[in-house]
Amino acid sequence: MTALDLPATVPVLGVRNLSVSYNDVHALDDVTMSLGAGRICGLIGVNGSGKSTLFKALMGLVVPRDGSVELFGMSSASARKQGLVAYMPQAEEVDWTFPVSVSDVVAMGLYGRLGAARRLRAADRAAVDDALERVGLSELRKRQIGQLSGGQRKRVFIARSIAQDARLLLLDEPFAGVDRASERTMTALLKALRDEGRSVLVSTHDLAGVPELCDEAVLLHRRVLAQGDPFQVLTHGNLALAFGPAPAAPAAPPAPSVATVGSTAAPAAAPAAPPAAPNGES
Ligand SMILES: Nc1ncnc2c1ncn2[C@@H]1O[C@H](COP(=O)(O)OP(=O)(O)OP(=O)(O)O)[C@@H](O)[C@H]1O
Ligand SMILES: [Mg+2]
């Protein structure tokens, strides 16, 4: 079964009671969430709240202590094998000195459907060209990835997902170090991908950008503090639980106005007992 054959009731992403530990560090505790087709979900939380760990668990890169992860109703490994999911790790976790060009990286998105020889046919080269065009990087296609700016590197990953025709994009902090103009361009691109029926889970510290970009949000602090409509999630009360009392909540639509919260230190432990979240999650 392909993703496009899936019954509407099967979530693109389904996480149930997920707990992940690194030895004695409990990074995620009893996380339950799901995401449907054609939705963008913002993943928000202080440094160390478990966002990257959640992405890694979704990709099958860390083994859960408890609970389960399903992508398109199947295991992460099966979904990856079918090219249904694309992952952009946090920038710090990528080796940018790796000697590959921009178009090589984008072509990697096609490897799943190429034979063992990985020889690109004309249609594959066209898919790479189209993807680069879409993210505005055609001119830089021959450049080594280490010689790109931070924002350009992020666009390379998105181009790779597009070439791959991934149905789910897992983007760990794609806006970190990206200027406002590039952020706006990337936001428009992600919304266009969403409108094609793709789903996106995106972690971000830019709270102001969440209502504009996201259909829903998850506020994480080792466990899920709140999830649902961005304005119901990003309340003063919930933000105080997640970040401490300082940051301001977004203004009511249509003109949200929130400072970027990027450097808030992680509290030593998650809040012991958050109040009931708007949708009943706790
Ligand atoms: N490989 C590891 N070994 C041990 N502990 C780890 C490892 N990776 C992450 N952790 C710990 O797990 C917790 C969650 O880390 P994670 O990287 O998922 O947070 P994050 O929300 O992505 O943070 P940031 O906003 O800084 O990227 C932190 O306490 C972190 O120190
Ligand atoms: Mg992280």
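Just after helix H6, Gly197 takes a positive phi of about 100°. Helices here are DSSP runs of H or I with at least four residues, strands are E runs of at least two, and both are numbered from the N terminus. This is a predicted model, in which local features need pLDDT of at least 70, side-chain atom pairs count only at pLDDT 80 or more, and totals for chains, interfaces and linings use all residues. Residues are numbered from 1 along each chain as its sequence is written, while chains are lettered from A and ligands numbered from 1 in the order in which they are written.

Step back into H6 itself. Met186, Leu190 and Leu193 are buried there (20 or more other C-beta atoms, placed from the backbone, within 10 Å of a residue's own). They cover an arc of only 55° around the axis, judged by the directions from the helix axis to the C-beta atoms, which puts them on the same side of H6. An α-helix has 3.6 residues a turn, so residues three or four places apart point the same way. The face turned away from the buried side carries exposed residues (12 or fewer such atoms), including Arg180 and Asp195.

Now the strands. S1 (residues 13-22) and S2 run antiparallel, joined by seven bridges; pairing takes at least two DSSP bridges. Leu18 stands opposite Val31 in S2. The two strands form a hairpin with two residues between them, and Asn23 in the turn has a positive phi of about 50°. S1 also pairs with S4 (residues 66-71), antiparallel over five bridges.

Among the residues surrounding it are Tyr22, Lys51 and Gln90 (C-beta, placed from the backbone, within 6 Å). H1 gives the most to this shell, with three residues.
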